[in-house]
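Me: I am new to this structure and would like to learn how to read it. Please take me through it one feature at a time.

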Amino acid sequence: MAIQKHDNLINGQWVAGAHYAPNINPSNIADVIGDYTQADAAQLDAAVKAAQAALPAWSTGNIQARADALDKIGTEILARREELGTLLAREEGKTLPEGIGEVSRAGNIFKFFAGECLRLSGEIVPSVRSGVSVEITREPVGVIGLITPWNFPIAIPAWKTAPALAYGNCVVLKPADLVPGCAWALAEIISRSGIPAGVFNLVMGRGSVIGDPLVNHPGINAISFTGSQGVGNRIAQQCAANLKKVQLEMGGKNPQVILDDADLAQAVELSVQSAFFSTGQRCTAASRLIVTDGIYPKFLGAMKQRMAGLKIGDALGAGIDIGPVSSRAQLEQDLSYVEIGKAEGGLLVAGGERLKLSAEGFYLAPALLTDTTAAMRINREEVFGPVASIIRVKGYEEALREANNTPYGLSSGIATTSLKYASHFKRHSQAGMVMVNLPTAGVDYHVPFGGRKGSSYGSREQGRYAHEFFTTVKTTYIAS
Ligand code: NAP
């Protein structure tokens with residue numbers, strides 16, 4: 001069967017780029033999902049100009065029409081969740097239930113922001129001067145560049161695009177080159193939603209080729225980025241130099257604390273889910289398991305037993321717990337961190353080796369290292385794969401100290417039956433999101449998402465807090 005070609009969406013037209021690149025299934029590298037075009041700087045420029053031209057009408061247009069279009073997009077995504085979830089599992093390597101879950105999240109996000117189109121409000125406040133009134137309103141920021149990573153190929157494009165459009169902005173979306181399929185499918189749905197040409201543009205291609213032209217384009221008013229700290233840092237500096245608004249969501253080195261009084265079965269289950277589900281490729285994954293002395297032997301034994309029962313295989317296979325790593329480069333990075341952890345003195349007690357299954361894919365047995373300390377690279381740097389390490393501590397105070405002993409601050413979790421420790425941890429954890437007896441990953445779509453320290457920069461994403469980034473405030477004085 002001929003491989004289908006997929007083009008960029010610019011000003012309502014499907015446009016071929018300089019060349020095409022294949023989208024490969026990491027569960028079976030012989031399976032090519034499709035060919036996806038690669039834009040150059042000139043095409044990027046055309047997309048930004050189309051968005052600029054569409055902005056005046058869209059930003060002042062009828063909000064009921066906006067809400068209807070977003071609702072229609074959400075409805076179609078939800079109706080096609082199995083099909084799109086299959087595409088997602090095929091291109092990224094999440095298991096099918098995880099893929100369907102992510103697609104459902106994307107659909108619900110569009111429906112949430114359909115409602116937000118009608119809920120944006122301002123304030124009227126009395127002036128300190130007689131005969132004057134003051135209005136505070138929120139307006140669109142303008143044309144927004146959205147740059148997304150490979151690990152959530154539909155949810156992250158959705159959670160940036162939906163609020164951007166809801167609040168009246170126009171968009172140029174650059175998805176990760178590794179997984180363009182879901183972003184293309186989203187663009188195709190948006191192209192039939194009634195949203196005018198140029199309001200939403202999709203430009204696929206490599207960050208190293210079109211990243212700088214997008215971030216530095218004078219027609220781009222703001223950048224919302226999710227990805228690694230290195231690229232985020234560079235974008236922040238470029239935006240500062242051009243005085244552009246910027247929002248960055250970056251990596252994590254999230255701690256999962258297990259206290260002596262934890263429910264053992266629950267602690268093991270949430271640790272396995274946090275560390276290894278979605279192949280550990282979640283910014284909110286727990287890669288540091290911080291375990292107190294009293295429960296340590298029982299916890300380690302139960303973890304090894306649970307990990308031995310995990311089924312690793314083709315993301316679309318029935319009953320599979322963990323799919324492949326998303327790419328060869330990421331697999332090599334994961335394996336190299338297992339070696340780094342061992343060389344630093346860590347003990348590999350489970351997994352950590354490449355698995356050969358019937359089809360050639362990027363399979364890795366989830367790895368667990370013990371005898372690690374906070375100073376080791378394995379506990380300071382983001383691996384971004386199914387690799388976790390245990391830090392053994394004496395009690396709660398040391399556990400909290402180690403949990404916060406990281407340059408990152410995205411998500412954190414504690415397993416305990418003590419209200420006292422749960423409350424203290426909630427208050428003193430230096431993370432943007434805290435989980436009590438829940439996995440560090442797995443969040444709602446209608447509340448703010450984001451972190452502290454080196455994990456995030458700028459205002460929060462998602463929920464109604466998204467308006468802080470996607471709108472700008474105007475204060476108007478009126479003589480009465
Ligand atoms: P990445 O390498 O930083 O890439 C992210 C995006 O930036 C991709 O679209 C990439 O394009 C693009 N890019 C690369 N170079 C660029 C440049 N010079 N200018 C502008 N854009 C450029 O990250 P990733 O490997 O895709 O994703 C994994 C990272 O994302 C992890 O660190 C993870 O923790 C983080 N993440 C964070 C969150 C959160 O909400 N905090 C959520 C998910 C993931 P190409 O891929 O096409 O080169």
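Me: In which helix is Gly107 found?

Reply: This is a predicted model, in which local features need pLDDT of at least 70, side-chain atom pairs count only at pLDDT 80 or more, and totals for chains, interfaces and linings use all residues. Residues are numbered from 1 along each chain as its sequence is written, and side-chain values use heavy atoms, with hydrogens and water left out. Helices (H or I, at least four residues) and strands (E, at least two) are DSSP runs numbered from the N terminus. Gly107 is found in helix H4, residues 96–116.

Me: Is Gly107 buried or exposed?

Reply: Buried means under 20% relative accessible area, exposed over 50%, and partly exposed in between (1.4 Å probe, protein chains only). Gly107 has a relative accessible area of 0%, so this residue is buried. Contact means heavy atoms within 4.5 Å. With neighbours within four places in sequence left aside, Gly107 is in contact with Gly74, Ile77 and Leu78.

Me: Where is Ile258, and which residues is Ile258 in contact with?

Reply: Ile258 belongs to strand S13, residues 254–258. Its relative accessible area is 0%, and therefore Ile258 is buried. Beyond its neighbours within four places in sequence, its contacts include Ala267, Ile290, Phe299 and Ala415. Ala415 is 157 residues apart from Ile258 along the chain, while their C-alpha atoms are separated by 4.9 Å.

Me: How many salt bridges does the structure hold?

Reply: A salt bridge is a side-chain nitrogen of Lys or Arg within 4 Å of a carboxyl oxygen of Asp or Glu. The structure holds 18 salt bridges. In one of them, the side chains of Lys5 and Asp35 meet at 3.7 Å, N to O. Lys5 lies in strand S1 and Asp35 in strand S5 (residues 32–38), so this pair ties together parts that are 30 residues apart in sequence. Lys5 counts as partly exposed because its relative accessibility is 48%, whereas Asp35, at 15%, counts as buried.

Me: Which residues meet Glu76 in salt bridges?

Reply: The side chain of Arg80 meets that of Glu76 at 2.7 Å, N to O. The side chain of Arg192 also forms a salt bridge with Glu76, at 2.7 Å, N to O. This second pair links distant parts of the chain, 116 residues apart: Arg192 is in the loop between helix H6 (180–191) and strand S10 (200–202), and Glu76 is in helix H2 (residues 63–79). Salt bridges that share partners join Glu76, Arg80, Glu83, Glu188 and Arg192 into one network.

Me: What is the nearest side chain of opposite charge to Asp7?

Reply: Lys and Arg count as positive and Asp and Glu as negative; His and the chain ends are not counted. For Asp7, the nearest side chain of opposite charge is Lys5, 8.0 Å away; Asp7 is buried yet has no salt bridge. Asp7 sits in the loop between strand S1 (5–6) and strand S2 (8–10). A polar contact is a pair of N or O atoms within 3.5 Å; within protein, one must be able to donate a hydrogen and the other to accept it, and residues adjacent in sequence count only if both atoms are side-chain atoms. The side chain of Asp7 makes such a contact with the side chain of Tyr20, at 2.6 Å.

Me: What lies 2.6 Å from an N or O atom in the side chain of Ser228?

Reply: That atom is an oxygen atom of the ligand.
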